[in-house]
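The sequence and structure are shown first.

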Amino acid sequence: MDVERAIRSRRTHKQYGREPVDEATLLELLDLARYAPNHKLTQPWRFRVLGPETRARIEEAAGEKEAMKLRRAPTLVLATAVLSGDPHTDEEDLQATAAAVYAVLLGATARGMASYWRTPKVFGDDAVRRVIGLDRPERVVALIHLGPPAGNPPEKERLPLAEVLITLP
């Protein structure tokens, strides 16, 4: 699949098949993320693949309502940005990590996989941060859901380009 087709066909999936993403494919997807643009090559992104024990501990700390959402996808990857403390650099690094996450989503789409970019509020809670080992200045950027599709979400309407484009003289 070419890049343009992956961009235009990527959808947010909330239903998945049961099979987790195999390790080789998951590593390929995360390797794509390393090529995201980042100023001064800070490479701020960190990825944590959440295994069964960690997921169970997160579900326990998060409560049943959030646990149900966490169970949607067979594979979960937490994407974080390591922050330096400099406001300008931190902003750049958050954006670079977002670009890295998007690379993972596009790679998943190109492989016929379902994906979903979530930012669950519960990942800001101290109890959940302890479970996943976020003890340094790291900011959660995305909880990436991955797996086989269990449906085909419809395309959502986007604003026309004319409504979001400003050409300055």
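## The largest nonpolar core

In this predicted model, the largest nonpolar core comprises 23 residues. Val101, Val104, Ile144 and Leu146 have the most contacts inside this core. Four elements each contribute at least two of its residues: helix H2 (23–33), strand S2 (75–82), helix H5 and strand S4 (138–147). Helix H5 provides the largest share, namely seven residues.

## A second core

A separate core of 17 residues is also present. Among its members are Leu50, Ile58, Ala73 and Leu134.

## Thr97 in helix H5

Helix H5 spans residues 87–110 and includes Thr97. The relative accessible area of Thr97 is 0%, so this residue is classed as buried, the cut-off being under 20%. When residues up to four places away in sequence are not counted, Thr97 touches Pro44, Trp45, Thr80, Ala81 and Val141.

Ile7 lies in helix H1, which covers residues 3–9. Is Ile7 buried, exposed or partly exposed? Its relative accessibility is 40%, and Ile7 therefore counts as partly exposed, since that class lies between the limits of 20% and 50%.

Key
Residues are numbered from 1 along each chain as its sequence is written. This is a predicted model: local features need pLDDT of at least 70, side-chain atom pairs count only at pLDDT 80 or more; totals for chains, interfaces and linings use all residues. Side-chain values use heavy atoms; hydrogens and water are left out. Buried means under 20% relative accessible area, exposed over 50%, partly exposed in between (1.4 Å probe, protein chains only). Contact means heavy atoms within 4.5 Å. A nonpolar core is a set of buried Ala, Val, Leu, Ile, Met, Phe, Trp, Tyr and Cys residues joined through side-chain atoms within 4.5 Å.
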